[in-house]
Amino acid sequence: MLGLEVPAAVEAERVITAVLADLRSGDHRGVVVDSPPGAGKSTLVVRAAVELAAAGESLIIVAQTNEQVDDLVDRLARKAPELRIGRLSATEYKPSARVRGHETVRVAAKVTDLADSAVIIGTAAKWATVADGVWPWAIVDEAYQMRSDALLRVAGRFERALFVGDPGQLDPFSTVETLRWTGLTWDPMQSAVATLLRHNPQLPVHRLPVSWRLPATAAPLVAAAFYPFTGFRAGTRPADRALTLTEPGAGDRLDAAVEVAATTGWALYELPARQTMRTDPEAAATCAALALRVLRRGAVAISEQAPGGAPVTADRIAVGAAHRDQVAVIRARLGEEGAGITVDTANRLQGREYDVTIVLHPLSGRRDATAFHLESGRLCVLTSRHRHACLVVARAGIGELLDAHPSTETVHLDVPVKFPDGWEANHAMLAAWHRGHAVTSMG
């Protein structure tokens with residue numbers, strides 16, 4: 001009937017059911033699942049692994065970082081306590097507390113030592129060193145962040161695979177010149193999924209339609225800016241989440257920004273327009289001050305997970321930046337009071353989730369807009385880690401900077417055009433932030 005919206009949980013379950021049906025059918029050598037931020041990608045990976053293992057299928061899971069591997073080991077062990085799990089690692093790897101806490105998990109540097117495991121999990125780099133053994137199934141996590149050459153190195157280890165990832169976030173990168181491969185269908189700088197689908201266009205592609213992380217204040221904006229052709233919606237309603245401040249503030253501009261973010265879900269804290277060095281001291285100090293102000297104001301997050309409210313402690317706050325030197329300056333500015341607050345680059349924040357995030361805009365204080373700083377995936381990661389509020393610190397004038405540096409990247413034959421364009425995504429986010437979310441440092 002018209003006017004009746006399908007509940008978010010029902011819509012998401014329909015897609016997951018279709019994914020699992022494709023896996024069980026055996027009709028396809030690969031199944032691709034596109035996942036927006038916080039759509040339950042890891043939950044799907046764990047659920048698929050449990051179902052395949054329950055059906056007697058031995059399988060491997062390929063992740064991109066040790067952090068992701070440990071997270072999947074922990075999630076899988078909690079979901080299926082009886083399942084024998086192998087953690088494939090380097091010889092110098094020391095098991096984290098999440099891995100040590102499960103009796104059914106065995107850690108080994110050689111895959112032969114994990115032969116009795118129903119599921120073996122390791123990084124793509126580690127799986128590339130395995131020369132023997134073929135498994136019926138593989139699940140490739142964060143497949144859009146995996147380079148195509150990395151997939152080629154492990155493809156001989158499995159017969160069929162489920163590829164799960166977020167197409168809107170950071171692409172694979174390289175520190176060496178890759179122009180010689182540009183335009184080739186197996187260009188190693190393409191993601192594993194992009195290369196897979198160019199050679200196998202008949203493979204089914206599913207899209208998870210709901211973000212359970214992003215609140216209703218953020219999902220529409222992030223979807224429109226970074227997922228213009230697929231989109232997604234928030235799994236919660238506006239009334240389901242709230243961020244309350246239980247302690248009085250100083251009444252300054254920092255307080256104003258924190259209060260705007262608590263009320264609307266976003267805040268853009270604008271410093272005076274100026275070209276600065278990359279480690280802009282004022283911007284770094286502002287990021288740290290905003291994070292500490294959230295702590296001092298006694299922020300409490302009310303959500304479907306904590307209807308009675310949960311304190312926003314230091315470990316539930318993150319500060320994100322584009323460069324490691326910026327991260328170092330911000331971390332130093334936090335001091336002892338900010339111990340426990342995560343400060344990291346967009347690359348390392350991928351896949352992580354917090355109640356409140358503070359973002360140093362990649363284009364803040366710059367005199368130019370390079371391809372690195374314009375990459376849509378970088379801003380997408382930074383602005384999609386939060387469950388309640390995101391505060392963006394930037395010097396005024398980014399809109400003018402964008403207009404002065406339109407996207408002029410060379411167009412190559414046989415290279416699929418990437419959407420969304422970083423220039424357009426930046427403009428879209430800025431325009432939205434200036435509509436009721438902007439706070440200037442000078443009042």
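1. A salt bridge here is a side-chain nitrogen of Lys or Arg within 4 Å of a carboxyl oxygen of Asp or Glu.

2. This is a predicted model: local features need pLDDT of at least 70, side-chain atom pairs count only at pLDDT 80 or more, and totals for chains, interfaces and linings use all residues. Residues are numbered from 1 along each chain as its sequence is written, and side-chain values use heavy atoms, with hydrogens and water left out.

3. Arginine 75 is partly exposed, at 35% relative accessible area, and aspartate 71 is partly exposed at 23%. Buried means under 20% relative accessible area, exposed over 50%, and partly exposed in between (1.4 Å probe, protein chains only).

4. Aspartate 255 and arginine 293 also form a salt bridge, with the closest N and O atoms 3.3 Å apart. This pair links distant parts of the chain, helix α9 (residues 253–264) and helix α10 (residues 281–296), 38 residues apart. Aspartate 255 is buried at 1%, and arginine 293 is buried at 11%.

5. Glutamate 142 and lysine 41 form a salt bridge at 3.1 Å, N to O. Glutamate 142 lies in the loop between β6 (135–141) and α6 (148–154), and lysine 41 in helix α2 (residues 41–54), 101 residues apart. Both residues are buried.

6. The count comes to 30 salt bridges.

Methods. Helix = DSSP H or I, 4+ residues; strand = E, 2+ residues; numbered from the N terminus.
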